[in-house]
Amino acid sequence: MTLRPVCLDAGPFRLRPWRGDDAAVVLAAYRDPEIRIRSLSSVDDLSAATAWIDERIDGWRSGAAAAFAVIDPTSGAVLGNVRLRIDHPPVEGEVGYWTLPAARGRRVASTALDAVSGWAFGVLGLARLRLIHAVTNPASCRVADRGGFRFDRELPPGGRWPTPGHLHLRGAGDQTQPPALAVTRMRMSSTGEGVRPVVVPGCRSDI
Ligand SMILES: CC(C)(COP(=O)(O)OP(=O)(O)OC[C@H]1O[C@@H](n2cnc3c(N)ncnc32)[C@H](O)[C@@H]1OP(=O)(O)O)[C@@H](O)C(=O)NCCC(=O)NCCS
């Protein structure tokens, strides 16, 4: 499966693919100890930040993963990151995310997660998404709940994860309406737009 880079409307936020000129913000993000601890990547200088972005651009080209910068649609400022890794065959996927320290507590992560999930189910046709976070990361557990990912089970350490984790799942047919989606719906209906996260025309999605 190849992936056409897109921008997504996520209510108060917008998602666009990471670009080469984002290296400084990626480097700043990885100066945050929380992001460093929770991430599988390490970014210590501008060339590592550029390599991090190149890996995300390659994900779109190979169809292995769709990685988005979450931005403020008015200022264009980057607020966070959300990435969907796609299994082969492309039936399921796994999501990961971080929010820059200054933007935390505004539902950036949960709203972005909900938008990516809607796109993964509605456009890519995936059937189920996984979300794994460390047991010691209660903020991420809240993000999962708000993003519509129900707790499934605790996972022992292993594979990519050195500590015990929580597995959360969200299926394409899940009937539950996550709170983040409710927020998006309210904001979108007030402008007369559709109720699902939609692809944004005119947004720079070139990579
Ligand atoms: C986890 C993280 C992504 C949350 O980002 P965010 O944009 O602030 O998330 P949201 O605003 O959507 O939701 C955060 C929720 O966690 C809650 N929270 C924040 N810190 C918390 C803590 N220490 N304990 C419990 N809950 C906490 C908030 O109150 C909020 O819950 P609410 O919506 O019920 O009020 C962000 O803190 C981060 O980037 N952390 C470092 C990287 C990381 O952990 N990534 C996830 C790896 S699985």
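Colleague: Which helix gives the most to the shell around the ligand?

Modeller: α5 does, with six residues. Helices here are DSSP runs of H or I of at least four residues, strands are runs of E of at least two, and both are numbered from the N terminus. Keep in mind that this is a predicted model, where local features need pLDDT of at least 70, side-chain atom pairs count only at pLDDT 80 or more, and totals for chains, interfaces and linings use all residues. Residues are numbered from 1 along each chain as its sequence is written.

Colleague: OK, and how many residues surround the ligand?

Modeller: 21 residues surround it, and the closest are Thr99, Arg104, Ser110, Ala139 and Arg142. A residue counts as near if its C-beta atom, placed from the backbone, lies within 6 Å of the molecule.

Colleague: Which elements each supply at least two residues of that shell?

Modeller: Those are α2 (33–38), β5 (92–99), α4 (108–122) and α5 (138–146).

Colleague: What's the shell like by class?

Modeller: It has eight nonpolar, six polar and seven charged residues. Nonpolar covers Ala, Val, Leu, Ile, Met, Phe, Trp, Tyr, Cys and Pro; charged is Asp, Glu, Lys and Arg; the others, Gly among them, are polar.

Colleague: Switching to the fold: how many helices and strands are in the chain?

Modeller: Six helices and eight strands. Along the sequence the pattern reads β-β-α-α-α-β-β-β-α-β-α-β-β-α.

Colleague: And in what order do the strands sit in the sheet?

Modeller: The sheet is open, with eight strands in the order β1-β2-β3-β4-β5-β6-β8-β7 and mixed pairing. β1 (8–10) and β7 (150–155) are at the edges with a single partner strand each, so one side of each has no neighbour in the sheet. From one strand to the next, the twist averages 30°. Two strands pair if DSSP finds at least two bridges between them.

Colleague: Which way do β3 and β4 pair?

Modeller: Antiparallel, over seven bridges.

Colleague: What about β4 and β5?

Modeller: Seven bridges join them, and they run antiparallel. Asn81 has Trp98 as its bridge partner in β5, and the hairpin that joins the two strands goes through five residues.

Colleague: Why is β4 largely enclosed?

Modeller: Seven of its nine residues are buried, so the rest of the structure largely encloses β4. Buried means 20 or more other C-beta atoms lie within 10 Å of the residue's own, with C-beta atoms placed from the backbone.

Colleague: And α4, how many of its residues are buried?

Modeller: 14 of the 15, so α4 is also largely enclosed by the rest of the structure. Across the 207 residues of the chain, 37% count as buried.

Colleague: Which strands does α4 lie across?

Modeller: α4 lies across β1, β2, β3, β4 (78–86), β5, β6 (128–134) and β8 (165–171), at about 35° to β4. α5 packs on the sheet too, touching β6 and β8, and its direction makes about 160° with that of β6. Contact means C-beta atoms, placed from the backbone, within 7 Å. Axes are lines fitted to C-alpha atoms, for helices over the stretch in contact, and angles run from 0 to 180 degrees between N-to-C directions.

Technical notes
Contact = placed C-beta atoms within 7 Å. Buried ≥ 20, exposed ≤ 12 C-beta atoms within 10 Å, placed from the backbone.
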